[in-house]
Amino acid sequence: MSSQLHNVNLPMMDGIESSDDSITVAGSPNGLTVTQKPFKTAIAEQPVTEARIPFLPPPASVLQNAGTARATLAASHEKPNGTTDNNYAATHQNQTVVQQHVEYWDTDHDGIIWPQDTYIGCRKWGWSPPLAALATFIINFNLSYPTLPGFLPDPFFRIYVNKVYKDKHGSDSMTYDNEGRFKPQNFEDIFAKYDKGDKGGLDIWDFLRFWKGQRMVFDFFGWSATFLEWLATYLLLWPEDGIMRKEDIRGVYDGSIFYKKAEEYERKKAMRQEQRKGTSPRLISMAQKIL
């Protein structure tokens, strides 16, 4: 039994029951059963491999071939068919996942994201003008050139959606592959390795461990880009308990949550306007009595 467990190396197990071909993690939040593999995912001689266990799909998982990149689906263990709300995945079958990620800013669907498109999109989330302007500068200034059809820089810093896969950088989760597809295994590894306590998401300390763990040597641009991307993700989600939920992060990868956050802000703004309208007559009445 001990040799079997050593080969699988499941972390933080409250209790273990064995069978002929599987190991059940008793006490796991999802009651996962993991099939034994004829290889090791960790060795005691290299502690970092034990500290960062990769995602091991349970045998009953409907997420098949997790290591195979999906061109159009941001698939996960919980959402093997990607984002199904409002038929999002079905209506984006002509775009790679990384193209879906940036489509929110291409409101006129001309395949070009101008700086003003980025600014307006950020403002729709309720971001202040200075923050939206800073985000626009960072995004368009850094991501424009790799997507251009020619060699000369674009003085308008436009981003071309059909070449946005060229903006991939290192020192990140590697969830996007070099062609802009989505790799479920790499996405799941984020949480398998860095979600301490199985919270179903990442807090700020998990993110810092992720950022440190994914850094590649001398990749200063990648280090900075990853930090800024996840900082923007945190500002967008702004979780009340400080935990960026796994499903929300998945929605960032395929861009679906950008629309939801814009709609949420519009509803909140409409409610505030209604509240102001509702209180103004009372204020006028009070002022008239005082006068």
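**View 1. L231 sits in helix α8 of this predicted model.** Helices are DSSP runs of H or I with at least four residues, and strands are runs of E with at least two; both are numbered from the N terminus. L231 is partly exposed, with a relative accessible area of 38%. Buried means under 20% relative accessible area, exposed over 50%, and partly exposed in between (1.4 Å probe, protein chains only).

**View 2. L231 belongs to a nonpolar surface patch.** The patch covers about 530 Å². Its members are I204, W205, L208, F227, L228 and L231. Nonpolar side chains (Val, Leu, Ile, Met, Phe, Trp, Tyr) are joined within 5 Å, like charges within 9 Å. Helices α7 (204-214) and α8 (220-237) each supply at least two patch residues.

**View 3. Helix α6 (residues 184-194) is largely enclosed by the rest of the structure, because nine of its eleven residues are buried.** The buried residues are P184, Q185, N186, F187, E188, D189, I190, F191 and Y194. They pack against β6 (201-202), α7, α8 and α9 (246-254). Contact here means heavy atoms within 4.5 Å.

**Notes.** Residues are numbered from 1 along each chain as its sequence is written. Local features of the predicted model need pLDDT of at least 70, side-chain atom pairs count only at pLDDT 80 or more, totals for chains, interfaces and linings use all residues, and side-chain values use heavy atoms, with hydrogens and water left out.

Conventions:
Patch = residues over 30% accessible without salt bridge, like charges linked within 9 Å, V, L, I, M, F, W, Y side chains within 5 Å. Areas by Shrake-Rupley, 256 points an atom, 1.4 Å probe, with all protein chains shown as cover. Salt bridge = Lys/Arg side-chain N within 4 Å of Asp/Glu carboxyl O.
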